[in-house]
Amino acid sequence: MRCVKALQLTLAVVKPDAVAHPLILEALHQKILENFIIIRKKELMWRTKDSEKFYSEHAGRFFYQRLVEFMSSGPMRAYVLAREDAVTHWRGMMGPTKVFRALFTSPDTIRGQYGLTDTRNTTHGSDSIESARREISFFFPEFNADEWMVMEEPRFR
Ligand code: RTP
Ligand code: MG
């Protein structure tokens, strides 16, 4: 009996702090190539209202305003990525949200290596399959996730 694991999609974003540094951007691209199949990729820049909409779940929190300003401060690069357990894998590669924690507990992660502050923390990754679906359509409205998303448990053949 052979176990065939389902491909899963996630959304990864290289934030403005990392896009501003060509060597960091290239290093992150190489890490992505080594770990995922790239399904879509684009460069874009948000207006303030895009940033407010995307992070609306954080509205009212103390870091919301600086997060919104930062995420619309310069170009970003967004990816739709595929592999087994893509959501968890990319979150693991990114490391903890807070840079202090990333530095001391997970120095080999992306945020441990390149994170500047708790806001300027290099990358974004969807935190669940449902978020991935929603966030992919936010960044790639023309992308039909239904043709790709495999929601069920791994199948045994
Ligand atoms: P992300 O959504 O960007 O992948 O990061 P995350 O899940 O690890 O963190 P989340 O709690 O969703 O926060 C979203 C982004 O808000 C900024 N943030 N700043 N204490 C702070 O100043 C603070 N806390 C969060 C970060 O840019 C974080 O990635
Ligand atoms: Mg998050």
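In which helix does Leu 25 lie? Leu 25 lies in helix α2, which covers residues 22-35, where helices (H or I, at least four residues) and strands (E, at least two) are DSSP runs numbered from the N terminus. The model is predicted, and local features need pLDDT of at least 70, side-chain atom pairs count only at pLDDT 80 or more, and totals for chains, interfaces and linings use all residues. Residues are numbered from 1 along each chain as its sequence is written, while chains are lettered from A and ligands numbered from 1 in the order in which they are written.

**The sheet**

- An open sheet is formed by four strands in the order β3-β4-β2-β5, with antiparallel pairing, two strands being paired if DSSP finds at least two bridges between them.
- The edges are held by β3 (37-44) and β5 (123-125), each of which pairs on one side only.
- From one strand to the next the twist averages 20 degrees, with axes taken as lines fitted to C-alpha atoms, for helices over the stretch in contact, and angles running from 0 to 180 degrees between N-to-C directions.
- Strands of a sheet pair through backbone hydrogen bonds, either parallel or antiparallel.
- Strand β4 (residues 76-83) runs antiparallel to β3 and is joined to it by seven bridges; Glu 43 has Arg 77 in β4 as its bridge partner.
- Between β2 and β4 there are seven bridges in the antiparallel sense, and Gln 8 has Arg 83 in β4 as its bridge partner.
- Between β2 and β5 there are three bridges, again in the antiparallel sense, and Val 14 has Thr 123 in β5 as its bridge partner.

- Strand β2 is mostly covered, since seven of its seven residues are buried; a residue counts as buried if 20 or more other C-beta atoms lie within 10 Å of its own, as exposed if 12 or fewer do, and as partly exposed in between, with C-beta atoms placed from the backbone.
- In a regular strand the side chains alternate between the two faces of the sheet.
- From β2, Gln 8, Thr 10, Ala 12 and Val 14 point one way, whereas Leu 9, Leu 11 and Val 13 point the other way, and all are buried.
- Helix α5 (residues 86-94) lies across β2 (8-14), β4 and β5, and runs at about 30 degrees to β2.
- Helix α8 (residues 129-139) also packs on the sheet, where it touches β2 and β4, and its direction makes about 55 degrees with that of β2.

- Leu 25 counts as partly exposed because it has 16 C-beta neighbours inside 10 Å.
- Not counting residues up to four places away in sequence, Leu 25 touches Val 14, Ala 18, Val 19 and Arg 77, contact meaning that the C-beta atoms of two residues, placed from the backbone, lie within 7 Å.
- Leu 25 and Leu 11 are 14 residues apart along the chain, and their C-alpha atoms are separated by 16 Å.

- Around ligand 1 are Phe 63, Leu 67, Thr 97, Asp 118, Thr 119, Asn 121, His 124, Gly 125 and Asp 127, a residue being near a molecule or strand if its C-beta atom, placed from the backbone, lies within 6 Å of it.
- This shell divides into two nonpolar, five polar and two charged residues, where Ala, Val, Leu, Ile, Met, Phe, Trp, Tyr, Cys and Pro count as nonpolar, Asp, Glu, Lys and Arg as charged, and the others, Gly among them, as polar.

**Positions annotated in UniProt**

- An unreviewed UniProt entry lists Lys 15, Phe 63, Arg 91, Thr 97, Arg 111 and Asn 121 under "binding site"; positions are given in the numbering used here, feature names are shortened, and annotations may be inferred rather than shown by experiment.
- Arg 111 is placed in helix α7 (residues 110-114) and counts as buried because it has 23 C-beta neighbours inside 10 Å.
- Leaving aside neighbours within four places in sequence, the contacts of Arg 111 include Met 94, Val 99 and Asn 121.
- Asn 121 is placed in the loop between α7 and β5, and with 23 C-beta neighbours inside 10 Å Asn 121 counts as buried.
- For "active site", the unreviewed UniProt entry lists His 124, which lies in strand β5 and counts as buried with 20 C-beta neighbours inside 10 Å.
- Beyond four places in sequence, His 124 is in contact with Val 13 and Lys 15.
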